[in-house]
Amino acid sequence: MKLFKDSDQLSTDEKTAFQAERPKSFRELNFQGKLGYIWGYYKWWILGLIIFITIAANTIPGIIENHKEAVLYTAFVNTQIMNQESTDLMDDFVAEAGIDMDGKRIVLDTSLIINRNRGDNISMQCNQKLLAMFSSNMLDVLLCDDENFQFYAENGCFQSLEEILPKDLFEKYKPYMLRCDTDDSEREIYYGISVKTSKVLVDENAYIVDPIFTICTNASQPENAVKFLEFLMKEEIELDSK
């Protein structure tokens with residue numbers, strides 16, 4: 001005795017119900033059904049692919065950018081500028097200096113917050129980062145306050161401006177120049193230039209303290225460092241003498 005009817009023995013209504021209940025092939029599914037089928041069987045693969053693409057999109061451009069030659073690597077310590085993207089300072093410099101940026105990059109690091117009067121974790125971490133930048137010879141220019149200038153100058157982090165600047169520029173900026181307080185050499189050696197009168201920096205509201213410009217020891221782009229100094233000091237402002 002048969003428990004089930006053969007398909008040819010089914011009535012029309014029974015055949016319709018049977019076809020509806022029978023699992024359909026992928027080709028027979030409608031668009032939404034196909035999407036549901038794909039999601040049900042491959043959702044973990046799809047999620048993994050989405051995560052991979054997201055990570056790649058966020059990291060690969062940075063890796064490519066970091067492998068480009070830096071035409072100038074600059075760091076501003078204790079600046080009010082948030083980051084390189086928040087200012088046109090470096091773009092304006094490149095345009096004015098006429099530097100070819102094809103396959104190259106320019107860097108402005110504004111992340112360094114170093115307070116020499118307070119031994120907080122942020123200051124210590126930023127100090128370690130900056131020392132690593134000095135030792136790797138990646139840094140060309142540093143702008144900082146007087147306390148940090150004195151500390152790093154004492155530790156041999158800056159070049160003598162008389163040796164690196166053209167003679168006319170050295171004489172031009174000599175009234176603004178600063179020495180290391182602990183330098184007891186007979187010859188006056190200048191390591192920094194006060195750029196507090198720089199209209200460029202004032203317009204950018206870059207500092208609330210008086211910034212000092214330095215060129216780092218073993219800078220890889222000393223010529224562009226000099227050009228950057230000229231850019232900053234191309235126009236000066238009158239400061240309130242009070």
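This is a predicted model: local features need pLDDT of at least 70, side-chain atom pairs count only at pLDDT 80 or more; totals for chains, interfaces and linings use all residues.
Local features need pLDDT of at least 70, side-chain atom pairs count only at pLDDT 80 or more, and totals for chains, interfaces and linings use all residues. Residues are numbered from 1 along each chain as its sequence is written, and side-chain values use heavy atoms, with hydrogens and water left out.

The protein chain holds nine helices and six strands; helices (H or I, at least four residues) and strands (E, at least two) are DSSP runs, numbered from the N terminus. Of its 242 residues, 36% are buried, where buried means under 20% relative accessible area, exposed over 50% and partly exposed in between (1.4 Å probe, protein chains only). Contacts (heavy atoms within 4.5 Å) can also be sorted by distance along the sequence: among those between residues at least 6 apart, 68% join residues at least 24 apart.

In α3 (residues 89-97), Leu89, Met90, Phe93 and Val94 are buried. These residues sit on the same side of α3 because they cover an arc of only 130° around the axis, the arc being that of the directions from the helix axis to the C-beta atoms. Asp91 and Ala95, on the other side of α3, are exposed. What do the buried residues of α3 pack against? Their partners are β1 (69-76), β2, α8 (199-203) and α9 (222-232). After α3 comes Gly98, with a positive phi near 65°.
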